[in-house]
Amino acid sequence: MKQHRQWPRFAIVLAVLALIATGCRDSGTTADVEDVDTGAAPAETTAPTDTATDTPTETAADTATPTDTGSPTEGTTPAGDIAFDTGVTEEACPDAVNPDNGCIYLGTLSDLTVGPFAALAVPITDAQQAFWNRVNEDGGIGGFDVNVTEFVRDNQYNPEIHNQEYQAIKNDVLALAQTLGSPTTAAIIEDLNAEGIVAVPASWTSEWAFQDVILESGVNYCFESMNSIDWAVENLEGIETVMAVHYPGDYGGDAAAGARIAAEANGLEFTDVETAPGPDNQSGAISAVASQQPDLVILTTNPTDAGAVVGNAAAQGYQGTFIGTGPSWNKGLLTSPAAEAVQALYLASGPWTWTQESPGRDAMEEALGDVDPNDGYTSGWVWSYPLKAALEQAAENGDLTREGLLAAVSELDDVDYEGMLPDEAGNFVGDPNETAYRGSIVSEPNPEAIVGLDVLQDFFVGPTAEGYDFTQSCFTTTAG
Amino acid sequence: MTRFGQSLIQGLGNGSIYALLALGFVIIYKSTLVISFAQPALMVAGATMVVFLTGSFGLPFFAAVPVAMLLTALLGLIVERSALRPMVGKPVFVVAIITIGVDITIRVVVNRFLGNTIRNFTSPWGLDTLRVGDVFVQQRFLAMMLTTAVVVAALFAFFKYSRTGLAMRATAFDQETALAQGISVGMVFALSWAIAGALAALAGTFVGTGGSIDQQTWIIALKALPAIIIGGLDSVGGAVIGGLVVGVIEALVGTYQPTAAPWLGNNFAVVSPYVVLLIVLLLRPYGLFGTPEVERV
Amino acid sequence: MTALLTDRGGRGSRPRGRPELYTSYSSDIALLNTPAKRAGVLAIVAAAFALPFAVSDQVLVLLGTGLAMSVGAIGLNIVTGYAGQVSLGHAFFVGLGAYTAAVLSGDPDGRLVGFGLPMVVWLPAAGLVAGAAGLLVAPLATRLRGLYLAIVTLGLVFLGEHVFREWDSVTGGPGVGRDAVQATLFGNSLTAGGAVLSGAQKVYLFALVVLIAAAVPARNLARSGVGRAFAAVRDRDIAAEVIGVSLTKAKLLAFTISSFYAGICGALLYTITRTVEPNSFNLLLSVRFIAMVLIGGAATISGSIMGAMFVTLLPRFTQQVPRFVPFIGQGVTGGGLLTNVELEAMLYGLLIIAFLIFEPRGLFGVWLRVRNYWKGWPFSY
């Protein structure tokens with residue numbers, strides 16, 4: 001009798017363990033599978049046929065050894081002798097464009113659902129998928145196709161979740177095609193450095209210029225604000241007080257730091273107002289703008305909150321100028337209740353925009369097809385160029401391992417942006433004070449324009465940014 | 001003085017949103033003794049319906065709102081029949097948690113329709129303001145206050161003078177006796193959820209005017225909870241007053257706290273209703289107008 | 001627990017096959033009073049200790065998180081399941097514990113406040129600080145009942161969120177957060193990989209040890225006089241007062257102990273998740289804990305553990321669903337009727353409803369059914 005009672009318990013425990021092990025097996029690491037000879041896909045999340053072999057006994061054997069760093073399953077490709085390990089396979093990508101090519105897996109950590117930048121992040125991710133698809137259609141890189149669809153994870157703009165998702169995919173990818181958010185990327189930067197994983201940020205904070213593993217493109221928020229204030233002082237009348245309304249953390253803090261520096265340089269009075277994401281949380285900012293009535297407000301939030309602040313401040317009688325940093329703009333603002341105020345009082349700064357003509361822009365339009373234009377697409381597209389250049393360089397060097405890619409990045413002094421950024425941008429070698437690109441643009445809202453913006457001032461570098469000694473990130477310099 | 005006036009109007013306007021949500025909640029509680037956490041979902045559902053009715057279907061605003069109210073009332077009915085009717089007789093706590101589950105489920109479905117972008121609908125007022133002396137009064141707040149006053153008056157009249165309202169009051173008083181008198185208690189349950197749904201839709205419409213609807217809008221409905229408690233769980237009038245009080249306090253704190261007491265932090269206005277809640281409960285544990293529970297041992 | 005060790009004579013004289021015949025008081029009230037229970041618990045514990053060597057690191061981190069949440073779920077079960085005081089404020093105490101641990105263990109020269117103290121200080125301190133907060137909150141609870149109490153505890157969560165968001169020198173501010181510290185025990189790191197065990201394995205084992213150390217006292221509490229007082233307060237509080245159970249004292253104790261557990265849970269989570277961000281301690285976390293308690297089984301310790309593991313592992317399972325079910329899309333950009341993210345959210349809500357309707361005793365109730373079936377087999381009707 002006693003025997004009977006114990007067996008079901010054991011059976012249940014075993015079944016539960018088996019289920020758990022199933023879960024682990026599916027996102028196992030390259031070290032899991034000892035089948036260099038059979039050539040089966042190490043990244044088991046791909047082929048649905050893998051699941052047919054999901055029996056409890058098998059999973060226990062298959063699951064990894066405790067140390068999960070990439071194992072040297074070295075191999076050669078049909079194209080030649082290129083070394084590779086983590087995140088690169090000889091097997092073709094699922095739904096591959098070139099079935100004879102191997103596959104390079106790149107990870108994406110983006111705010112796809114509930115965070116404040118979800119409306120931008122989805123176009124960014126789509127644009128990147130279109131970009132790499134175009135690369136694949138042109139033959140891939142070094143005999144490999146690039147896959148950015150397999151390891152896409154949502155970070156909800158939360159550093160904790162970002163870290164968790166990063167830990168979940170990092171052993172399956174060669175590099176990160178996108179890590180969205182400044183504070184979120186700051187949460188994983190130590191690990192990125194430790195593991196030597198190259199990452200393309202979907203943010204423009206000044207800290208990235210000092211990180212070797214980060215392949216940033218475009219002017220950072222710090223210089224952007226400096227340029228905006230310089231431009232405003234030169235082109236608008238009666239600017240004597242500046243207020244920075246911004247999110248906390250690297251994103252807003254960086255822009256506010258730049259604004260403070262430029263305000264001091266121009267002899268303007270500066271106020272700092274921090275605000276939390278959420279249209280419900282803007283009453284403090286609105287109140288500050290409406291009561292203190294600064295001549296210029298540098299707005300660094302997301303589009304919904306920007307609309308709330310601009311609209312409600314105007315409704316309370318504010319008549320000054322708002323200049324919003326890049327991610328604060330969305331064409332939808334021109335059909336929102338704040339539309340009138342936005343058209344009257346708002347200007348947008350930014351690192352680039354769709355309306356600027358270039359071969360790259362045309363290629364992007366062709367690759368994307370029929371979409372609702374949004375500078376999220378532009379950004380996702382432009383950001384991918386350095387990684388493509390680095391991968392090509394690494395393939396040329398014959399080393400598509402993580403170390404090889406990092407070495408290629410350290411040689412990267414010229415990236416072909418196909419005209420979307422000036423030639424001097426795209427130099428990752430040398431002192432950031434010399435090589436960091438400092439040019440931004442200023443646009444005004446226009447409901448008829450492609451993304452709702454007409455360029456007022458094409459790429460320019462204001463005097464403050466020109467003369468600024470860039471030895472560390474702006475955010476830590478001035479803020480606490 | 002002008003800032004005070006502006007804050008007061010804004011507070012009363014936002015307060016009417018909370019008052020409507022609290023009202024729906026209290027009506028459900030009084031008739032069915034169920035604590036419903038599904039109001040946020042109904043509110044967002046109603047707002048989304050208005051977005052689609054004015055957008056894709058092209059209805060004018062004043063036609064879309066009643067239609068959305070009706071549809072949300074229907075939704076409330078469906079929720080009551082499917083999720084809550086089987087739970088009659090279960091402990092109160094269990095049913096409350098079930099309404100949380102319902103809330104999550106409805107919100108997932110609604111989020112599917114909302115997507116990731118900002119959704120606007122064109123209301124007749126937008127962010128237009130009226131100038132009364134030195135004070136900029138936003139028209140939408142006036143509209144909100146007026147509509148709420150009319151709706152509340154209509155509800156009171158309904159409860160007091162109509163047969164169905166009398167039936168509902170009787171059921172709230174004593175379900176068994178009402179049943180014995182021939183009142184269809186099931187109909188009363190269904191009707192109370194329907195009314196709550198309609199009120200939530202109206203509240204959602206107000207939230208959307210002058211702003212936008214996205215996946216985070218439901219959090220605004222949580223502010224109705226302190227309103228309910230301050231007013232008292234089973235007092236209909238208390239719900240309205242509680243809602244207005246919460247709105248006014250939030251607005252006043254939002255305007256004056258950053259300068260008067262900055263050490264309280266940014267956006268203290270968001271949590272100020274809860275502080276008031278704690279104070280009220282310390283003095284009157286059943287809210288301002290609630291009836292103390294009498295329990296037989 | 002002493003009954004396990006003493007009174008061997010009492011148990012030894014029991015006839016075989018009659019495990020429920022108790023011949024002494026101590027064997028009656030023993031924690032593991034039948035040989036089957038003893039063997040079963042031993043097997044489960046052994047399997048749990050053996051697991052790190054069979055399973056990959058990523059899953060271990062997930063399981064470790066589940067174990068940490070179990071500690072919190074046990075705490076919530078004490079106050080809500082055993083003592084009947086509905087508390088939606090659990091997230092606040094968890095956050096308090098996490099930040100106490102962060103401050104006490106943090107780098108003294110870092111960007112944020114830190115004291116650089118070792119684990120033996122900050123782990124219990126996290127519990128104590130949270131417990132003290134619970135003690136302060138409890139007098140409110142004694143005056144309020146039912147929904148009023150629930151909303152007040154909810155208010156506590158919002159106030160706590162506000163404080164965490166604003167106090168940047170401690171928390172780093174919203175959207176930024178604070179980095180984890182290396183937990184060390186006698187100089188050996190508990191989180192970084194070493195020669196014998198990897199970081200994830202160490203973390204898992206650490207969480208397991210803490211969970212066992214937390215669960216056994218909780219189980220003992222439940223079957224002691226205090227636990228019986230809790231049950232009396234939950235079932236009929238006025239009658240309990242009449243027979244002499246001090247309501248105030250019972251409620252105070254319940255909140256304090258529950259918050260202590262929540263604090264420990266927070267400190268554990270902090271070591272596992274590597275970064276802590278102030279917006280994480282919100283209403284959703286509280287509802288998660290309530291879901292764990294309800295799905296696992298109110299007023300049971302093993303139920304809390306089961307519920308916590310279930311809710312923590314749920315996202316992992318829903319991630320695999322798109323592979324098997326054609327109309328569920330993968331990730332947020334995949335098409336289909338529902339994406340797996342939405343499926344998870346809906347499942348969450350539906351599961352809560354389903355458990356409450358069909359099995360109010362939760363997973364523990366399911367286990368009871370299975371056990372009773374096999375107990376009576378082959379006469380299980």
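Residues are numbered from 1 along each chain as its sequence is written, and chains are lettered from A and ligands numbered from 1 in the order in which they are written. In this predicted model local features need pLDDT of at least 70, side-chain atom pairs count only at pLDDT 80 or more, and totals for chains, interfaces and linings use all residues, while side-chain values use heavy atoms, with hydrogens and water left out.

Q: Why is Arg140(B) called buried?
A: Buried means under 20% relative accessible area, exposed means over 50%, and partly exposed is in between (1.4 Å probe, protein chains only). Arg140(B) has 9% relative accessibility, so it counts as buried. The residue is found in helix H5 (residues 139-161) of chain B.

Q: What does Arg140(B) touch, not counting residues up to four places away in sequence?
A: Contact means heavy atoms within 4.5 Å. On that basis Arg140(B) touches Asn312(A), Trp125(B), Gly126(B), Leu127(B), Thr209(B) and Gly210(B).

Q: Why is Asp95(A) called exposed?
A: Its relative accessible area is 80%, so Asp95(A) is exposed. Asp95(A) lies in the loop between strand E1 (88-89) and strand E2 (102-110) of chain A. Helices (H or I, at least four residues) and strands (E, at least two) are DSSP runs, numbered from the N terminus.

Q: Is Ala299(C) buried, exposed or partly exposed, and what value decides?
A: The relative accessible area of Ala299(C) is 23%, so the residue is partly exposed. Its place is in the loop between helix H14 (283-296) and helix H15 (301-324) of chain C.

Q: Which peptide bond is cis, with omega about -5°?
A: The cis bond joins Trp377(C) and Pro378(C). Pro378(C) is placed in the segment after helix H17 (362-376) of chain C.

Q: What makes H6(B) roughly perpendicular to H8(B)?
A: Axes are lines fitted to C-alpha atoms, for helices over the stretch in contact, and angles run from 0 to 180 degrees between N-to-C directions. Angles under 35 degrees count as roughly parallel, over 145 as roughly antiparallel, 65 to 115 as roughly perpendicular and the rest as oblique. The axes of helix H6 (residues 163-173) and helix H8 (residues 185-208) of chain B come within 10 Å and cross at roughly 105°. H6(B) is therefore roughly perpendicular to H8(B).

Q: How many residues of each class are in the contact of H6(B) with H8(B)?
A: Ala, Val, Leu, Ile, Met, Phe, Trp, Tyr, Cys and Pro count as nonpolar, Asp, Glu, Lys and Arg as charged, and the others, Gly among them, as polar. The contact has eight nonpolar, three polar and no charged residues.

Q: What makes strand E4 of chain A mostly covered?
A: Six of the six residues of strand E4 (residues 175-180) are buried. In chain A, buried residues make up 61% of the 480 residues.

Q: How do you know which strands E4(A) pairs with?
A: Two strands pair if DSSP finds at least two bridges between them. Four bridges join E2(A) to E4(A), which run parallel, and Gly107(A) stands opposite Leu176(A) in E4(A). E4(A) and strand E5 (residues 199-202) of chain A pair in the parallel sense over three bridges, with Leu180(A) opposite Ala202(A) in E5(A).

Q: Why are E7 and E12 of chain A called edge strands?
A: The open sheet of seven strands has the order E7-E6-E8-E9-E10-E11-E12 (chain A), with mixed pairing. Strand E7 (269-274) and strand E12 (453-460) each pair on one side only. The twist averages 20° from one strand to the next.

Q: Which residues have the most contacts inside the largest nonpolar core?
A: A nonpolar core is a set of buried Ala, Val, Leu, Ile, Met, Phe, Trp, Tyr and Cys residues joined through side-chain atoms within 4.5 Å. The largest has 209 residues, and those with the most contacts inside it are Leu23(B), Ile78(C), Leu147(C) and Tyr204(C). A second, separate core of 86 residues includes Met364(A), Leu368(A), Ala389(A) and Leu421(A).
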